[in-house]
Amino acid sequence: MNTARTPLPVVLAGARGHGRSHLLNIRRLEERGLVRLAGICELRPLDAAELDGIGDPEQSADLEALLASTGARIAVLSTPIQTHTGMTLAAARHGAHILLEKPPAPSYAEFRRMADGVEAAGVACQIGFQSLGSHAVPAIRRMVEDGVIGELLGVGAAGAWVRDEAYFRRAPWAGHRRLDGVDVVDGALTNPLAHAVATALALSGSTRAEDVEHIETELFHAHAIESDDTSAVRVVTSAGTQVTVAATLCAGKSSEPYVIVHGTQGRITFWYRQDRVLLQRAGHGPEETEYGRTDLLENLVAHVTDGEPLWVPPAATGAFMRVVEAVRTAPDPLAVPAAHWHAEPGESAPRRVVDGVDELVDAAADGLRLFSELGAAWAPSRRAEVR
């Protein structure tokens, strides 16, 4: 890339919470001369302490006005899930290219409206699944295609995290399936551990909406919330591959989420937040490799300036959005009975731990089974199926 070019002006919508990481990343690319932070869209302007080391960008609660006044070429959108489609289309109307946080939309219909609108406007859109920027993903796909672990049997993923009650009070939409009559579809599979779902689908070679044949969900919650905090999903792809993901926010302890690619002659385990891959196969010793990663905003800048292909365009998240839709249309999550969870102190509030869930999540990824199939006492067979 020719870094002597004029830096691209960027507007960030949502600069607090997770948005802070985008703010710091924009600053990193600003130091390299690739972008310039032109504006911040927040309902409450950032104060001097929050802007320390960032500069003095224009601030406004009106995204369209900010895009117009700054002439931003790129909009980074890190706002509540239910706002994603509207804000993406607003940015597209102003000719701005977009980095959109995951999940891209709360329903498949909103996703299609967003993707179609972006295409019609002729702007680029990158979906913020950072794990899909890992160079391990294409490397694992090549290993599978080359038969390194024999015939592909299926893909499992496991995510066991700890979240306390304050996590579900961090924003008005947190822990909700709907809010004021509008879909939100927050939940373990669709938001905090959405990367596990998207990465498992990518490693199975099934990222497009049409790659999904059948979906089963099992949704539960231990916390006093509307959405799921402990759930499993099974996707059968159009190629017949089974992808099973188990996730919980009620673990005994947090662990690194991972994806296992199962083959007839071995397996590949990918810790996607660490870009770390372990290859185990018959007749060979274990081989561990750490891969690099392409930053998705940096890739979007390279796409805009030099025409480099996007790592995660909307079409590459169509299969994930089919899972979001299956969660959205499934019956409301079942409460885990109080006899099967216990309270423990959290960082800032109590948290609920589902008994034995850490081991169940691992067993689900290892055996490609749902919680009910593993005999979890709190998980009666009540699968919601989507074809």
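**Exercise 1. Determine which residues of helix H3 are buried and what they pack against.**

*Solution.* Step 1. The buried residues of H3 are His-84, Thr-85, Met-87, Thr-88, Leu-89, Ala-90, Ala-91 and Ala-92. Here buried means under 20% relative accessible area, exposed over 50%, and partly exposed in between, with a 1.4 Å probe and protein chains only. Helices (H or I, at least four residues) and strands (E, at least two) are DSSP runs numbered from the N terminus.

The model is predicted: local features need pLDDT of at least 70, side-chain atom pairs count only at pLDDT 80 or more, and totals for chains, interfaces and linings use all residues. Residues are numbered from 1 along each chain as its sequence is written, and side-chain values use heavy atoms, with hydrogens and water left out.

Step 1. Because eight of the 10 residues of H3 are buried, the helix is largely enclosed by the rest of the structure.

Step 2. The partners of these buried residues are strand E1 (8–13), helix H2 (63–70), strand E4 (74–77), strand E5 (97–100) and helix H4 (108–121). Contact means heavy atoms within 4.5 Å.

Step 3. Just after H3, Gly-95 has a positive phi of about 75°.

**Exercise 2. Carry out the analysis of burial and packing for helix H5.**

*Solution.* Step 1. H5 spans residues 136–145, and seven of its 10 residues are buried, so that the helix is mostly covered.

Step 1. The buried positions are Ala-136, Val-137, Ala-139, Ile-140, Arg-141, Met-143 and Val-144.

Step 2. These residues pack against strand E7 (152–160), H6, strand E13 (258–263), strand E14 (266–271) and strand E15 (276–281).

**Exercise 3. Describe the surroundings of Thr-269.**

*Solution.* Step 1. Thr-269 is located in strand E14.

Step 1. Thr-269 counts as buried because its relative accessibility is 6%.

Step 2. Leaving aside neighbours within four places in sequence, the contacts of Thr-269 are Tyr-258, Val-259, Ile-260, Arg-276, Val-277, Leu-278 and Gln-280.

Step 3. For one of these, Val-259, the C-alpha atom is separated from that of Thr-269 by 5.7 Å, although the two residues are 10 apart along the chain.

**Exercise 4. Identify the residues with the most contacts inside the largest nonpolar core.**

*Solution.* Step 1. A nonpolar core is a set of buried Ala, Val, Leu, Ile, Met, Phe, Trp, Tyr and Cys residues joined through side-chain atoms within 4.5 Å. In soluble globular proteins, nonpolar side chains tend to be buried together.

Step 1. The largest such core has 98 residues, and Ile-98, Ile-140, Val-245, Ile-268 and Phe-320 have the most contacts inside it. H6 gives the most to this core, with eight residues.

Step 2. A second, separate core of 24 residues includes Tyr-258, Leu-360, Val-361 and Trp-378.

Step 3. Not counting residues up to four places away in sequence, Ile-98 touches, among others, Ala-75, Leu-77, Thr-88, Ala-91, Val-118 and Leu-300.

**Exercise 5. Classify the aromatic pair Phe-129 and Phe-320, and locate its two members.**

*Solution.* Step 1. Rings of Phe, Tyr and Trp (its six-membered ring) pair if their centres lie within 6.5 Å; planes under 30 degrees apart count as stacked, over 60 as edge-to-face and the rest as tilted. The structure holds five aromatic pairs.

Step 1. The ring centres of Phe-129 and Phe-320 are 4.9 Å apart and the planes stand at 75°, so the pair is edge-to-face.

Step 2. Phe-129 lies in the loop between strand E6 (125–127) and H5, and Phe-320 in helix H8, so the pair ties together parts that are 191 residues apart in sequence. Both Phe-129 and Phe-320 are buried.

Step 3. Tyr-167 and Phe-168 likewise form an edge-to-face pair, at 5.1 Å centre to centre and 85° between the planes. Both Tyr-167 and Phe-168 are buried.

Step 4. Phe-220, Phe-371 and Trp-378 form one aromatic cluster.
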